[in-house]
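User: I would like to go through this model and ask what stands behind each label. Please set the values against the definitions.

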Amino acid sequence: MSIAAGPYGGPHLARAPAGLPARSLGNGALWLAAFLSGFVIEEPAPYELYMALVTVVWLACGLKLRREFGPLIICLMLYIAGGMASIPLAREMGEAMMYIAISGFLAVTAIFYAAVLADDPDRFRIIQSGYTISAVLVAAIGIAGYFQLFPGAGYFTLYDRARGTFQDPNVFGPFLVLPTVLLLQRLLKDSVLRNLHLLVPLAILLLAVFLSFSRGAWGLLVAAVLTVYLLALITEQTPRRRARLIFLGVTGTLAVVALIAAALSIDSVAEMFSQRARLVQEYDGARLGRFARYSLGFQMVMDHPLGIGALEFNKYFPEDEHNVYLKGFTTYGWLGGTVYIILALWTLAALVPLLFKSRPWTAFTQSIFAVFGAHLVLSVFIDTDHWRHMYMLYGLAWGMIATDAMERRRHRKQLFASRTARQSARWTT
């Protein structure tokens, strides 16, 4: 299968032996990658096995690593290097090596998504489609599991909370936030009447996030939706359409309240909600609870420049770090912890100028910004280090950043060529 360069450095329609365009096969493979990202209940998950294959195939077919997303590559390489340096410090070196190997693999997946979008930014539609369909299916499975709608459905719950096809409800809920925001974006930008069919999958996603009973997922969803909504209000230029957005905001809020009220009319749901809705749980504020471990953990790493080794923190404390920034220092050393913070802030800052440009993918970029930024805040309270969709968010963000950088460089070259042509014309006359 040969792939030639397209308008953004991506593939043209080269023909595969079976007669199908290689571009179509590649895009189909990309869609399947996004779809499989929702099925990680067992490890190694189908997503990991598939991504290992598809990444090698795409690179063999000419996928380029571009300087425009060089910061992502360099920071992830340094991050993994810090993890490798901490391996000898772990008591169980085999487990530590496997943990860092998984980190390295996920870093490759982030670079892969950045590369495919930089080659052709229109591929965001393929990724969006695969991710959204996967999320709706996973959400429906989680809801069915919670309400025991079929024999064995309890497999898709954990601690009386919906987890769908994930190992943990605290990952299941956040995974659903990006497609939820993307569907809401569609309703905000386009006619609601023409998109009534989106209300069903949107309701499924919202209900599934609620039934995950993950405080992090709830906060993540609220923060991301508010960010996207405010961006829509800021970028809308006509008073009439702003009034429409305000009306949709009020109507949507009432609809969500009604959906939650209906769910709370079920006794088991109301009982779990009253338990999970408390801001500080017992395991948060205990003597060696989550918040105490943050302070003690950061004090510990001050004496360990190389970290303490992967999966070692819970040998000193009752539980793991539950903070990705603390984990950056304990598992990846001072190098990895510092680089991760730099990468997170760099990514967020580099996305900001893209939010207000009129491009076909601006709504997608705004959604990525909102969800990614909310994940960075969530990472203070939850360990997102091995979340597959977190690495996908990094890749998608840098794919959009690289696209904008290449577009600006092409524009400068065109201006320079035009100026040179005008000067040559004056000299010849």
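**Labels and their grounds**

Analyst: Arg 194 lies in the loop between α7 (177–189) and α8 (199–211). Helices are DSSP runs of H or I with at least four residues, strands are runs of E with at least two, and both are numbered from the N terminus. This is a predicted model, in which local features need pLDDT of at least 70 and side-chain atom pairs count only at pLDDT 80 or more, while totals for chains, interfaces and linings use all residues. Residues are numbered from 1 along each chain as its sequence is written, and side-chain values use heavy atoms, leaving out hydrogens and water.

User: Why is Arg 194 called exposed?

Analyst: Its relative accessibility is 65%. Exposed means over 50% relative accessible area, buried under 20%, and partly exposed in between (1.4 Å probe, protein chains only). Arg 194 therefore counts as exposed. Between Arg 194 and Met 93 there are 57 Å, C-alpha to C-alpha, and the two are 101 residues apart in sequence.

User: What makes Thr 330 buried?

Analyst: Thr 330 has 0% relative accessibility, so it counts as buried. It is part of helix α14 (residues 324–351).

User: How do you know that Thr 330 makes a polar contact with Glu 321?

Analyst: The two side chains come to 2.6 Å. A polar contact is a pair of N or O atoms within 3.5 Å; within protein, one must be able to donate a hydrogen and the other to accept it, and residues adjacent in sequence count only if both atoms are side-chain atoms. The pair Thr 330 and Glu 321 is therefore a polar contact. Not counting residues up to four places away in sequence, Thr 330 also touches Val 301, Gly 307, Ile 308, Gly 309 and Phe 313. Touching, or contact, means heavy atoms within 4.5 Å.

User: What makes Arg 123 buried, and where is it found?

Analyst: Arg 123 is found in the loop between α4 and α5. Its relative accessible area is 1%, so it is buried. Its side chain makes a polar contact with the side chain of Asn 27, at 3.2 Å. Arg 123 and Asn 27 are 96 residues apart along the chain, and their C-alpha atoms are separated by 7.6 Å.

User: Why are α3 and α4 called roughly antiparallel?

Analyst: Helix α3 (residues 70–86) and α4 pack at an angle of about 175 degrees, with axes 10 Å apart. Axes are lines fitted to C-alpha atoms, for helices over the stretch in contact, and angles run from 0 to 180 degrees between N-to-C directions. Over 145 degrees counts as roughly antiparallel, under 35 as roughly parallel, 65 to 115 as roughly perpendicular and the rest as oblique. α3 and α4 are therefore roughly antiparallel.

User: Which residues of α3 and α4 meet?

Analyst: From α3 come Leu 72, Ile 73, Leu 76, Ile 80, Gly 83 and Met 84. From α4 come Ile 100, Ser 103, Gly 104, Ala 107, Ala 110, Ile 111 and Ala 114. By class, this contact has ten nonpolar, three polar and no charged residues.

User: What makes a set of residues a nonpolar core?

Analyst: It is a set of buried Ala, Val, Leu, Ile, Met, Phe, Trp, Tyr and Cys residues joined through side-chain atoms within 4.5 Å. The largest one here has 120 residues, of which Phe 69, Phe 112, Tyr 113, Leu 176, Leu 211 and Tyr 394 touch the most other members. Helix α4 (residues 93–119) gives the most to this core, with 14 residues. Apart from it lies another core of six residues, including Tyr 294, Ile 308, Phe 313 and Leu 326.

User: What does Leu 176 contact?

Analyst: Leaving aside neighbours within four places in sequence, Leu 176 is in contact with Ala 135, Ala 139, Leu 205, Ala 208 and Val 209.

User: Why is Pro 179 called buried?

Analyst: Pro 179 has a relative accessible area of 1%, so it is buried. It belongs to helix α7. With neighbours within four places set aside, its contacts are Tyr 131, Thr 132, Ala 135 and Leu 205.

User: Is Phe 213 buried or exposed, and what does it touch?

Analyst: Phe 213 is at 0% relative accessibility and so counts as buried. Its place is in the loop between α8 and α9 (215–235). Beyond four places in sequence, it touches Tyr 146, Asp 160, Arg 161, Trp 218, Val 269, Met 272, Phe 273 and Arg 276.

User: Is Asp 160 buried or exposed?

Analyst: Asp 160 has a relative accessible area of 59%, so it is exposed. It sits in the loop between β1 and β2 (161–162).

Key
Nonpolar A, V, L, I, M, F, W, Y, C, P; charged D, E, K, R; others polar.
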